[in-house]
Amino acid sequence: MSRRGRWVVNTLAAIFCLVWVFPVYWMVNTAFKPRPEVMTSTPHFLPEHATWENFRNAVGQDQFLTDLRNSLIVVAVTVLASIVLGIFAAAALSRFRFTGRRTIMVVILAVQMLPGTALLIPMFVMFNSLDLLGTYAALILAYVATVLPFSIWVMRGFFVAIPAEIEEAAQIDGATTWRVLVSVLFPLVAPGVISTSIFAFIAAWNDYLFAYTFMQDQSRYTLPVWLASFTNPHTGTDFGGQMAASVLFSVPVVVFFLIIQRNLVAGMSAGAVKG
């Protein structure tokens, strides 16, 4: 690529990054503004009188701790279930030959293409018939069903990349199938496990639609539903408080992503090209 071409590409990349970063910057900027500065018709690109009041109001809401607890429970179980089920399914699809294996892979790939909203009504009817609406189980099952196809697809790529000779050597040494999976294969697919766990975490942590639809009880709502509580029909939307709550809500995702970003990229690439 010529020097001029690189300059054009770098300029377009810089513009794209600025467009992408600006909403995040404006969210943080608004979080530190007092209400008069937020509601002014002239935008201020930096707070003139920075305040922590919006953060105190957000954390001080009655439902914050309850919704935080609900989110932590749902996310933890979702991530754990996705990892365990994904590992066993990926190992079976990559290491065993059985009738219908290719069909299952095609179905898994097809399910990944479905938007989550397409599953909302069928899941609602099913959970209603099972009397699960308003329980953690409904929300966890919905999230696992959403993220499991991705988890299986990514981890299968890692299993396929492992030479069969490694398993054969362990079996010759007397290792059982379970021992091979836990002590030999699992450490080798750890980057894939990290990739799928962060994907499951983000999907469960950020979801609003399933949580609002399935839980139905205010005491069982999660943090995304809590973010909507800053809109009042009488006083309007507390934009400063909502932006402060959004900053607090985003911190765990950003921290986890920064910690495992290399493994996340490697996992997604391996799952896309292997097998």
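**Exercise 1. R101**

Find the residues in contact with R101, leaving aside its neighbours within four places in sequence.

*Solution.* 
- Start with the contact list. R101 meets L93, F96 and R156. Contact means heavy atoms within 4.5 Å.
- Note what is being read. This is a predicted model, where local features need pLDDT of at least 70, side-chain atom pairs need 80 or more, and totals for chains, interfaces and linings use all residues. Residues are numbered from 1 along each chain as its sequence is written, and side-chain values use heavy atoms, without hydrogens or water.
- R101 sits in helix α5. Helices (H or I, at least four residues) and strands (E, at least two) are DSSP runs, numbered from the N terminus.
- R101 has a relative accessible area of 12%, so it counts as buried. Buried means under 20%, exposed over 50%, partly exposed in between (1.4 Å probe, protein chains only).
- Look at the side chain. It reaches the backbone oxygen of L93 at 3.0 Å.

**Exercise 2. N54**

Is N54 buried or exposed, and which residues does N54 touch beyond four places away in sequence?

*Solution.* 
- Locate it. N54 belongs to helix α3, residues 53-59.
- Classify it. N54 is buried because its relative accessible area is 7%.
- Read its partners. N54 touches T30, A31, F32 and K33, and also G240, G241 and A244.
- P34 is 20 residues away along the chain, yet the C-alpha atoms of P34 and N54 are separated by 7.6 Å.

**Exercise 3. The largest pocket**

State the volume of the largest pocket, then sort the residues of its lining into nonpolar, polar and charged.

*Solution.* 
- On a 1 Å grid over the protein atoms alone, a pocket is an open set of points where a 1.4 Å probe fits, with protein on both sides within 12 Å along at least five of seven lines; lining residues have an atom within 4 Å of a point.
- Give the volume. It is about 350 Å³. Volume is the space filled by probe spheres set on the points, which are joined across faces, edges and corners.
- Name lining residues. Among them are W20, M27, N206, F249, S250 and F257.
- Trace the elements. α1 (3-31), α10 (190-206) and α13 (239-273) each give two or more residues. α13 gives the most, seven.
- Sort. Ten are nonpolar, two polar and none charged. Ala, Val, Leu, Ile, Met, Phe, Trp, Tyr, Cys and Pro count as nonpolar; Asp, Glu, Lys and Arg as charged; the others, Gly among them, as polar.

**Exercise 4. The second largest pocket**

Which element gives the largest share of the lining of the second largest pocket?

*Solution.* 
- Take the volume. About 290 Å³ of space lies here.
- Count the lining. There are 18 residues, with L114, P115, G116, T146 and V147 nearest the centre.
- List elements giving two or more: α5 (101-112), α7 (136-161), α10 and α11 (209-215).
- α7 supplies six residues, the largest share.
- Sort. The lining divides into 13 nonpolar, four polar and one charged.

**Exercise 5. The chain**

Describe the fold in totals, then examine residues 7-28.

*Solution.* 
- Count elements. The chain has 13 helices and two strands.
- Take its extent. The C-alpha trace spans about 75 × 65 × 30 Å along its principal axes.
- Take burial. Of 275 residues, 36% are buried.
- Turn to the record. An unreviewed UniProt entry lists several spans as "transmembrane region", including 7-28 and 105-127.
- Examine residues 7-28. This span is 100% helix, and its end C-alpha atoms lie 31 Å apart.
- Examine residues 105-127. Here the chain is 70% helix, with end C-alpha atoms 26 Å apart.

How values were computed
A polar contact is a pair of N or O atoms within 3.5 Å; within protein, one must be able to donate a hydrogen and the other to accept it, and residues adjacent in sequence count only if both atoms are side-chain atoms. UniProt positions are given in the numbering used here, feature names are shortened, and annotations may be inferred rather than shown by experiment.
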